[in-house]
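Hi everyone, thanks for making time this morning. I'd like to walk you through a structure, so please have a look at the screen.

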Amino acid sequence: MSANGPAAGDGATTTALPPAVTVTGLRAAYGRIEVLHGVDLTVPAGSVFALLGPNGAGKSTLLKVISGRLRPIAGEVRIGELTVGRTPAEKLARQGVCAIPEGRGIFPNLTVRENLRIWTYRGGITMRDVEEQSFAAFPRLKERRRQMAGTLSGGEQQMLAISRALVTRPRLLLLDELSMGLAPLVVHELYELVEGLARQGMTVLLVEQFVTTALAVADRAAIMVHGRVEQEGTPEAMGEAALSAYLA
Ligand code: ATP
């Protein structure tokens with residue numbers, strides 16, 4: 001992906017940029033049950049990186065730790081100069097880390113417009129800009145602007161969630177199961193938008209159950225199994241045999 005964008009700075013190429021995310025020896029648990037058993041991963045800046053693997057492998061948990069929502073029990077996550085774990089999730093958000101969790105991360109009891117208004121609170125962006133950008137990308141949201149977000153269709157809710165990245169232009173976008181419950185056409189549209197964001201320099205780390213969809217947009221991918229990264233590389237180098245063996 002090219003890295004000429006607001007997030008990447010002035011025309012540097014991807015290879016010249018430091019890694020966006022470095023995960024080293026990461027262990028994480030829910031209560032006493034450890035689910036990440038030593039994850040090592042490097043996500044290059046400006047790339048689209050797909051995390052794949054069977055159910056329960058720990059993909060969502062890894063995103064939770066990276067976004068500061070779950071404290072690791074060992075190891076380290078660095079995002080640029082920041083060490084996650086020592087940085088509150090709120091500060092991470094201010095430094096340009098945007099997590100769109102499974103289940104969409106929108107406020108169901110607020111209208112579409114009220115949800116959009118929340119993106120203006122970080123400053124530097126007006127409601128007019130927010131609406132212009134969101135409604136240009138998703139005309140459906142304009143039609144539904146007075147509707148409670150919780151009563152939108154699944155696809156519309158996902159459009160609202162992703163419009164946050166469109167408007168706030170984070171440096172790192174963490175996407176968990178963008179496709180969940182959506183028709184293939186909507187999934188395709190949303191991933192086109194994600195590709196567009198990456199072309200402008202945003203780093204995207206995504207978890208996606210549809211392997212073909214994920215590999216079509218990804219520059220690099222990793223397969224997680226039982227709380228560890230088993231394989232990492234370009235989609236071409238991953239090999240279909242390995243993929244189907246792990247994901248069967
Ligand atoms: P899927 O593809 O099914 O979403 P995943 O690879 O994202 O799976 P995680 O959701 O990270 O996997 O779950 C990893 C393990 O942690 C699973 O065994 C799961 O049951 C467990 N787990 C996840 N969330 C919690 C939680 N809040 N409390 C307790 N255990 C949890």
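Predicted model: local features only at pLDDT ≥ 70, side-chain atom pairs only at ≥ 80, totals over all residues.

Now for the polar atoms. A polar side-chain atom of Lys-59 sits 2.8 Å from an oxygen atom of the ligand. For Ser-60, an N or O atom of the side chain is 2.9 Å from a ligand oxygen. With Ala-57 the backbone takes part: one of its polar backbone atoms is 3.0 Å from an oxygen of the ligand. As for cover, the ligand on its own has 630 Å² of accessible area, and the protein covers 59% of that.

Next stop, Ser-67, in the loop between α1 and β4. Is Ser-67 buried or exposed? Its relative accessible area is 7%, and because anything under 20% counts as buried, Ser-67 is buried. Its side chain reaches the backbone oxygen of Lys-64 at 3.2 Å, and it also makes a polar contact with the side chain of Arg-69, at 2.9 Å. Setting aside neighbours within four places in sequence, Ser-67 is in contact with Ala-89, Leu-92, Ala-99 and Leu-174.

Let's move to Phe-49, which belongs to strand β3, residues 48-52. Phe-49 is buried, with a relative accessible area of 0%. Where does the chain come back to meet this residue? Leu-205 is 156 residues away along the chain, yet its C-alpha is 4.8 Å from that of Phe-49. Beyond neighbours within four places in sequence, the contacts of Phe-49 include Leu-41, Val-43, Val-204, Leu-206, Arg-220 and Glu-232.

Last one: Gly-80, in the loop between β4 (74-79) and β5 (82-84). Here the relative accessible area is 33%, so Gly-80 is partly exposed. Not counting residues up to four places away in sequence, Gly-80 touches Pro-19 and Ala-20. Thr-22 is 58 residues from Gly-80 in sequence, and their C-alpha atoms are 8.2 Å apart.

Notes. Residues numbered from 1 in each chain as written. Heavy atoms only, no water. Polar contact = N/O pair within 3.5 Å; in protein donor to acceptor, adjacent residues only side chain to side chain. Areas by Shrake-Rupley, 256 points an atom, 1.4 Å probe, with all protein chains shown as cover. Helix = DSSP H or I, 4+ residues; strand = E, 2+ residues; numbered from the N terminus. Buried < 20%, exposed > 50% of the residue type's maximum accessible area, 1.4 Å probe, protein only. Contact = heavy atoms within 4.5 Å.
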